[in-house]
Amino acid sequence: PMGGNHTQPIFILLGMTDTPWAQAPLFGLFLLIYVVTLVGNMGLVVLVWVAPSLHTPMYFFLTHLSLADICYSTVISPKMLTNLISGNKTISWAGCVTQFHLFALFATAECHLLAAMAYDRHVAVCHPLRYVTVMSPRACWQLVALSYLVASLSALLYTGCTFGGSFCGPHRVDHFFCDASPVLRLACSDTRGREAAIFGLATANGLGTSAAILLSYCRVLHAVLGMRSAPGRARAFHTCASHLVSVSVFYGTLFFMYLQPASRHGGRDKVVSVFYTVVSPVLNPFIYSLRNKEVKAALGKCRRRVLNLC
């Protein structure tokens, strides 16, 4: 048996499909999505940075969410695009480990950032008078730092469990990136203990953060329904709706993938994985900005400023 500790194997990523005529259309589609992901998320980060009206905790968290989206789509998309357009589908053992580790890091950080954003909305709607004190710049930085600390420790454990054993040939990963389940299928040794550890950790991160989000929104809903003014109710719902859409897309697909037994994983996994690795990062800037008056107003100001300079 060849293991990560002895001769490091070269993995082959089988990709989305082996149908030759489908490669070019998929390449075009995923390239377009990746470019829009980069432009949309970087645009949002720059806009929040240059527009003083967006210097609030909600947009502070949103910039970090956008940066996490940029990072983890960059960990996956360029390699997937290369595999689609070239015949070379190999990835080194170190490349596979790095790809999975960074993906696990940024995807887990996104879970915790979404939970921090839900907490921010809860404080804004339920405790508006204490909002400035509770969500101080220091508190916001601490929440982001905690998100990345938990994500870093989780990613180390996920990676150790996934790549800690020996691998038998052929090293064909039936996926478009190095994910835990298809990689573990190539292991020589019994992986049940490691699969249980990954499942437990994914459950702790996924259910822990989603429970925090759910609890925040239950309190928000209770507070909103108790409001006397209809415009106030509408405004409160509006600020929370975009976040809930984003949470639903991201968590729905993640739960389907990681909170099911290894025996249930199959061909659908690739399609579901596309949603949280490719579709979710491209949707977030649109979800948060197109329905948002503050972002539209800031964009309008920036556009006028640029036109005046010209």
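Reader: In which helix is Ser280 found?

Author: The structure is a predicted model. Within this model, the residue in question belongs to a helix that spans residues 268-289.

Reader: Is Ser280 buried or exposed?

Author: Not counting residues up to four places away in sequence, Ser280 touches Tyr72, Glu110, Val249, Phe250 and Phe275. The cut-off for buried is under 20% relative accessible area. Ser280 has 2% relative accessibility, so Ser280 counts as buried.

Reader: Which residues does Leu44 touch, not counting residues up to four places away in sequence?

Author: Leu44 lies in helix α1, residues 20-50. Leu44 has a relative accessible area of 6% and is buried. With the residues up to four places away set aside, Leu44 touches Leu62, Ser66, Pro285 and Ser289.

Reader: What distance separates the C-alpha atoms of Leu44 and Thr133?

Author: Along the chain, Leu44 and Thr133 are 89 residues apart. In the model, the separation of their C-alpha atoms is 26 Å.

Reader: Which residues touch the most other members of the largest nonpolar core?

Author: This core has 86 residues. Helix α3, residues 93-126, supplies the largest share of the core, with 19 residues. The residues that touch the most other members are Phe11, Phe30, Leu114 and Phe163.

Reader: Why is the pair of Phe11 and Phe167 edge-to-face?

Author: The search of the whole structure finds 10 aromatic pairs. In the pair of Phe11 and Phe167, the ring centres are 5.5 Å apart. Planes over 60 degrees apart count as edge-to-face. The pair is edge-to-face because the planes of Phe11 and Phe167 stand at 90°.

Reader: How many residues apart in sequence are the parts that the pair of Phe11 and Phe167 ties together?

Author: Phe11 is buried at 0% relative accessibility, and Phe167 is buried with a relative accessible area of 1%. Phe11 lies in strand β2, residues 10-13, and Phe167 in strand β4, residues 166-167, so the pair ties together parts whose separation in sequence is 156 residues.

Reader: Which residues form one aromatic cluster?

Author: Phe163 and Phe167 form a tilted aromatic pair, at 6.3 Å centre to centre and 55° between the planes. Phe163 is buried, with a relative accessible area of 7%. The cluster is formed by Phe11, Trp93, Phe100, Phe163 and Phe167.

Reader: Which parts of the structure does the salt bridge of Asp174 and Lys270 tie together?

Author: The closest N and O atoms of Asp174 and Lys270 are 2.9 Å apart. Asp174 is partly exposed, with a relative accessible area of 39%, whereas Lys270 is buried at 15%. The two residues are 96 residues apart in sequence, so their bridge ties together the loop between β5 (172-173) and α6 (180-184) and helix α9.

Reader: How many salt bridges does a search of the whole structure find?

Author: Asp120 and Arg121 meet in a salt bridge at 2.9 Å, N to O; Asp120 is buried at 0%, and Arg121 is buried at 8%. Another joins Asp190 to Arg192, with the closest N and O atoms 3.2 Å apart. Asp190 is exposed at 55%, and Arg192 is exposed at 62%. The number found in the whole structure is three.

Reader: How far apart are the end C-alpha atoms of residues 139-158?

Author: An unreviewed UniProt entry lists several spans as "transmembrane region", including residues 139-158. In the model, the chain over residues 139-158 is 100% helix and 0% strand. The end C-alpha atoms of this span are separated by 28 Å.

Terms used. Residues numbered from 1 in each chain as written. Predicted model: local features only at pLDDT ≥ 70, side-chain atom pairs only at ≥ 80, totals over all residues. Heavy atoms only, no water. Core = buried A, V, L, I, M, F, W, Y, C linked by side-chain atoms within 4.5 Å. Buried < 20%, exposed > 50% of the residue type's maximum accessible area, 1.4 Å probe, protein only. Helix = DSSP H or I, 4+ residues; strand = E, 2+ residues; numbered from the N terminus. UniProt positions renumbered as here; feature names shortened; annotations may be inferred. Phe/Tyr/Trp six-rings, centres within 6.5 Å; stacked < 30°, edge-to-face > 60°. Contact = heavy atoms within 4.5 Å. Salt bridge = Lys/Arg side-chain N within 4 Å of Asp/Glu carboxyl O.
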